[in-house]
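The following paragraphs guide a reader through one protein model. Please keep the sequence and the structure in view while reading.

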Amino acid sequence: MPSEAELLATARPATVRRAPKYSVFIGAGAVVGIVVGLVLVAVLKDPQVEWIADGTGFVWFLEGEGAVRTVTAVALGVLGGFVGGALAVLADRRSRDPYARRR
């Protein structure tokens with residue numbers, strides 16, 4: 001049985017590790033990316049291009065301005081998901097035990 005002095009010498013303070021939820025970070029990054037993409041298309045819109053599709057295309061949301069909106073929103077949504085995942089990894093690294101690095 002170790003003595004109280006030995007226990008105090010080997011003991012370390014307990015901490016609660018708060019690991020991030022990866023799905024929340026990735027989802028939030030994707031939503032932010034989609035919103036940024038849609039706002040970017042709205043701000044940088046060419047005034048000569050019609051906002052409303054005329055219905056002659058095969059897929060209505062890939063026609064005219066809709067194609068630009070859809071592709072930009074999807075591309076920035078995927079990019080935002082990757083950025084959110086990277087931020088989750090960084091947050092996870094920061095939440096690890098600082099004593100583990102010294103061993």
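With which side chain does the side chain of Asp92 make a polar contact? The partner is the side chain of Tyr22, at 3.0 Å. A polar contact is a pair of N or O atoms within 3.5 Å; within protein, one must be able to donate a hydrogen and the other to accept it, and residues adjacent in sequence count only if both atoms are side-chain atoms.

Residues are numbered from 1 along each chain as its sequence is written, and side-chain values use heavy atoms, with hydrogens and water left out.

The pLDDT is the predictor's confidence in each residue, from 0 to 100. Its average over the protein chain is 82, and 82% of the residues score at least 70. Confidence is lowest in helix 1 (residues 4-10), with a mean of 85, and highest in helix 2, with 93. Where pLDDT is low, the predicted coordinates should not be read in detail.

The protein chain has 3 helices and 0 strands, and its elements run α-α-α from the N terminus on. Helices (H or I, at least four residues) and strands (E, at least two) are DSSP runs, numbered from the N terminus. Of the 103 residues, 18% count as buried; buried means under 20% relative accessible area, exposed over 50%, and partly exposed in between, with a 1.4 Å probe and protein chains only. Contact means heavy atoms within 4.5 Å. Among contacts between residues at least 6 apart in sequence, 70% join residues at least 24 apart.

Asp92 belongs to helix 3 (residues 65-94). Its relative accessible area is 9%, and therefore Asp92 counts as buried. Leaving aside residues up to four places away in sequence, Asp92 touches Arg17, Ala19, Pro20 and Tyr22.

Residues up to four places away in sequence apart, Gly29 touches Gly80 and Gly81. The C-alpha atoms of Gly29 and Gly81 are separated by 4.6 Å, although the two residues are 52 residues apart along the chain.

Ala28 is also found in helix 2. Its relative accessibility is 41%, so Ala28 counts as partly exposed. From Ala28 to Gly84 there are 56 residues in sequence and 6.9 Å in space, C-alpha to C-alpha.

Val71 lies in helix 3 and is exposed, because its relative accessible area is 54%. The C-alpha atoms of Val71 and Ile34, 37 residues apart along the chain, are separated by 10.0 Å.

The surface remains to be described. Val31, which is placed in helix 2, forms a nonpolar surface patch together with Val35, Val39, Leu40, Val43 and Leu44. The accessible area of this patch is about 570 Å².

Notes: This is a predicted model: local features need pLDDT of at least 70, side-chain atom pairs count only at pLDDT 80 or more; totals for chains, interfaces and linings use all residues. Patches are made of residues with over 30% relative accessible area and no salt bridge: like charges are joined within 9 Å, nonpolar side chains (Val, Leu, Ile, Met, Phe, Trp, Tyr) within 5 Å. Accessible areas come from the Shrake-Rupley method with a 1.4 Å probe; for residues, only the protein chains shown count as cover. A salt bridge is a side-chain nitrogen of Lys or Arg within 4 Å of a carboxyl oxygen of Asp or Glu.
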